[in-house]
Protein chains: 2
Amino acid sequence: MDLLTIIKERRSCRSYLSDPVSDADIETMISAAINAPSPLDSQPWSFVVVTQNETKEKIYAEALRCRNFLLEKSGWKWLGKYDLEFLKSVPAMIAVVGDPKKSGADVFMEGGPGAWREACAAAVQNMLLAAQTLGLSTLWFTMFDKGIIKGMLGIEAIPLAIVMVGKAAAPVAATPRKGLGDVMRYIR
Amino acid sequence: MDLLTIIKERRSCRSYLSDPVSDADIETMISAAINAPSPLDSQPWSFVVVTQNETKEKIYAEALRCRNFLLEKSGWKWLGKYDLEFLKSVPAMIAVVGDPKKSGADVFMEGGPGAWREACAAAVQNMLLAAQTLGLSTLWFTMFDKGIIKGMLGIEAIPLAIVMVGKAAAPVAATPRKGLGDVMRYIR
């Protein structure tokens, strides 16, 4: 399949079948991730793959707590209806863990290190695309407190995202995009 | 070409032929970018494509200033030898501009908004991969002061990266990667 088609057909999925994801597929996704570029080739990422029900339940509970916290803080009514049940059926979760100590020369710049985080995001995007080519659906999930997940997974660095992976339970509609003319211009 | 091959063969290029990049190729890259996922589908990105020599010269001058600033701050000797001449021959630069106001519920979380930045990084990765399928080489460049580039390009939001694009002047060697076993584990 053509890359642009892979990119466009990849959509955020919030409803999964419980069919397991094979280790081979998980490892293809992580191979894609680790071939992302990073500042000074520091490879600031690591990955924790969760398929254990007990840990998935804990992540679900934390997401629920975080959703309620955000609802209270923001007053955004849709958050109250944001259904997190898919965290119970999704067969695999891949926590993407970033190490701020593995950034580039940006550590010396105003605003502090950020390149490690951007590299991890590029790695996530590679994972999502790899899953799409494998017929798997994904969600880039961040509704959790990083400190709480850190303790839960027993990691030293920072869990930036938990990528949900599995077969979609239903087709996912495309989200509308701005036109190219609205987001770009030339200086020439 | 297989996605994993595209991902693995894409390498950071620091030496370009001056052959121009077509508008069609630039726009394919930006189409790939804008189909990245973003928090609440906020699409926090915009793009400024620079092919004008005068502006490229200014970006080169800023990169040089930034390199010397970083050399002084860090004491990293390699920075003194880091050759920036490729900024003069690269035919196109695409500034990726991110808007922190277009983040997600993370604005209410500790550490403040970060998801806009991660979405822009995912958009950059899509651009780099799209370029690879077009036979173009790229570099995710960040050696500049964001405030200075902001003023130079006349933009409101934050220039997170300038993606260099063109035909490679010479083959680029792969960078070594850690093995999968060193970066992942299962909880099951």
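Two residues are in contact here if their C-beta atoms, placed from the backbone, lie within 7 Å. Keep that in mind for the views below, all drawn from a predicted model.

View 1. Is Trp140(B) buried or exposed? Trp140(B) is buried, because 24 other C-beta atoms lie within 10 Å, and the cut-off for calling a residue buried is 20 or more. Setting aside neighbours within four places in sequence, Trp140(B) touches Ser12(B), Val124(B), Leu128(B), Ala161(B) and Val163(B), together with Pro37(A) from chain A. For Trp140(B) and Val163(B), 23 residues apart in sequence, the C-alpha to C-alpha separation is 4.9 Å.

**View 2. Helix H2(B) and what its buried residues pack against.** The 12 residues of H2(B) reach 16 Å from the first C-alpha to the last, close to the 16 Å expected at 1.5 Å a residue. Which residues of H2(B) are buried? They are Ile26(B), Met29(B), Ile30(B), Ala32(B), Ala33(B) and Ile34(B). These buried residues pack against elements of both chains: helix H1 (3-9), helix H8 (180-183) and strand E5 (184-187) of chain A, and strand E1 (45-50), strand E2 (92-98) and H6 of chain B.

**View 3. Where H2(B) crosses H6(B).** Here the axes of H2 (residues 23-34) and H6 (residues 115-133), both of chain B, come within 7 Å and cross at roughly 145°. The crossing of H2(B) past H6(B) is right-handed. On the H2(B) side, the contact is made by Thr28(B), Met29(B), Ile30(B), Ala32(B), Ala33(B) and Ile34(B). H6(B) brings Ala123(B), Asn126(B), Met127(B), Leu129(B), Ala130(B) and Ala131(B). Sorted by class, this contact has 10 nonpolar residues, two polar and no charged ones.

**View 4. The side of chain B that touches chain A.** The contact between the chains takes 57 residues from chain B and 57 residues from chain A. H6(B) supplies the largest share of chain B's side, with 11 residues. That side divides into 30 nonpolar, 16 polar and 11 charged residues. Because 100% of the interface residues of chain B are also interface residues in chain A, the copies meet through the same surface.

**View 5. The axis relating the two copies.**

Technical notes
Residues are numbered from 1 along each chain as its sequence is written. Chains are lettered from A and ligands numbered from 1 in the order in which they are written. This is a predicted model: local features need pLDDT of at least 70, side-chain atom pairs count only at pLDDT 80 or more; totals for chains, interfaces and linings use all residues. Axes are lines fitted to C-alpha atoms, for helices over the stretch in contact, and angles run from 0 to 180 degrees between N-to-C directions. Helices (H or I, at least four residues) and strands (E, at least two) are DSSP runs, numbered from the N terminus. A crossing is left-handed if the near helix is turned anticlockwise from the far one by less than a right angle, and right-handed if clockwise. Ala, Val, Leu, Ile, Met, Phe, Trp, Tyr, Cys and Pro count as nonpolar, Asp, Glu, Lys and Arg as charged, and the others, Gly among them, as polar. A residue is buried if 20 or more other C-beta atoms lie within 10 Å of its own, exposed if 12 or fewer, and partly exposed in between; C-beta atoms are placed from the backbone. The expected span of a helix is 1.5 Å times one less than its number of residues.
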